Amino acid sequence: MIKEKIPGLKDLTDDEKIILIGELWDDVMTEDSFSLTNDQKKELDKRILYAEENPDELIPWDEVKEKLFKKYNG
């Protein structure tokens, strides 16, 4: 497996590993690395429009992330 090739990985905390996952994802996900189908574009447009029309129903990402960390990290 690849993880055995990364020195120090086993010494990271779970939180650090999650951060690493995000950093790796950001590194590989660029606009050129994927394309959307027309149906996916339509769905995203629909969701963006809903978010713009209903801002009071949205939960900021920081709040979602905090709830998840509290729930799963004690």
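This is a predicted model: local features need pLDDT of at least 70, side-chain atom pairs count only at pLDDT 80 or more; totals for chains, interfaces and linings use all residues.
## The largest pocket

Six residues line the largest pocket: Ile18, Ile19, Trp61, Lys65, Leu68 and Phe69. Two elements each give two or more residues to this lining, helix 1 and helix 3 (61–73). Helix 3 supplies the largest share, with 4 residues.

How many lining residues are nonpolar, and how many are charged? The lining has 5 nonpolar residues and 1 charged residue, with no polar ones. The pocket volume is about 230 Å³.

The surface carries a nonpolar patch of about 650 Å². Its members are Trp25, Val28, Met29, Phe34, Leu36, Leu44 and Ile48. Helix 1 (14–28) and helix 2 (38–53) are the elements that each give two or more residues to the patch.

Where does phenylalanine 34 sit? It lies in the loop between helix 1 and helix 2. Its relative accessible area is 44%, so phenylalanine 34 is partly exposed.

The model has 3 salt bridges. Glu43, Lys46 and Arg47 are linked in a network of such bridges. Lysine 46 pairs with glutamate 43, and their closest N and O atoms are 3.3 Å apart. Glutamate 43 also forms a salt bridge with arginine 47, at 2.8 Å from N to O.

The spacing along the helix is worth a look. Lysine 46 and glutamate 43 are 3 residues apart in helix 2, so about one helical turn separates them. Glutamate 43 and arginine 47 are 4 residues apart in helix 2, again a separation of about one helical turn.

Which of these side chains are exposed, and which partly exposed? Lysine 46 counts as exposed because its relative accessibility is 53%. Arginine 47 is exposed too, at 55%. Glutamate 43 has a relative accessible area of 29%, so it is partly exposed.

Lysine 70 and glutamate 66 meet through their side chains in a salt bridge, 3.1 Å from N to O. These two residues are 4 apart in helix 3, so they are separated by about one helical turn.

Is lysine 70 buried or exposed? Lysine 70 is exposed, because its relative accessible area is 56%. Glutamate 66 has a value of 44%, so glutamate 66 is partly exposed.

Key: Residues are numbered from 1 along each chain as its sequence is written. Side-chain values use heavy atoms; hydrogens and water are left out. Patches are made of residues with over 30% relative accessible area and no salt bridge: like charges are joined within 9 Å, nonpolar side chains (Val, Leu, Ile, Met, Phe, Trp, Tyr) within 5 Å. Accessible areas come from the Shrake-Rupley method with a 1.4 Å probe; for residues, only the protein chains shown count as cover. A salt bridge is a side-chain nitrogen of Lys or Arg within 4 Å of a carboxyl oxygen of Asp or Glu. Buried means under 20% relative accessible area, exposed over 50%, partly exposed in between (1.4 Å probe, protein chains only). On a 1 Å grid over the protein atoms alone, a cavity is a set of points where a 1.4 Å probe fits but cannot get out, and a pocket is an open set with protein on both sides within 12 Å along at least five of seven lines; lining residues have an atom within 4 Å of a point. Grid points are joined across faces, edges and corners, and a volume is the space filled by probe spheres set on the points. Ala, Val, Leu, Ile, Met, Phe, Trp, Tyr, Cys and Pro count as nonpolar, Asp, Glu, Lys and Arg as charged, and the others, Gly among them, as polar.
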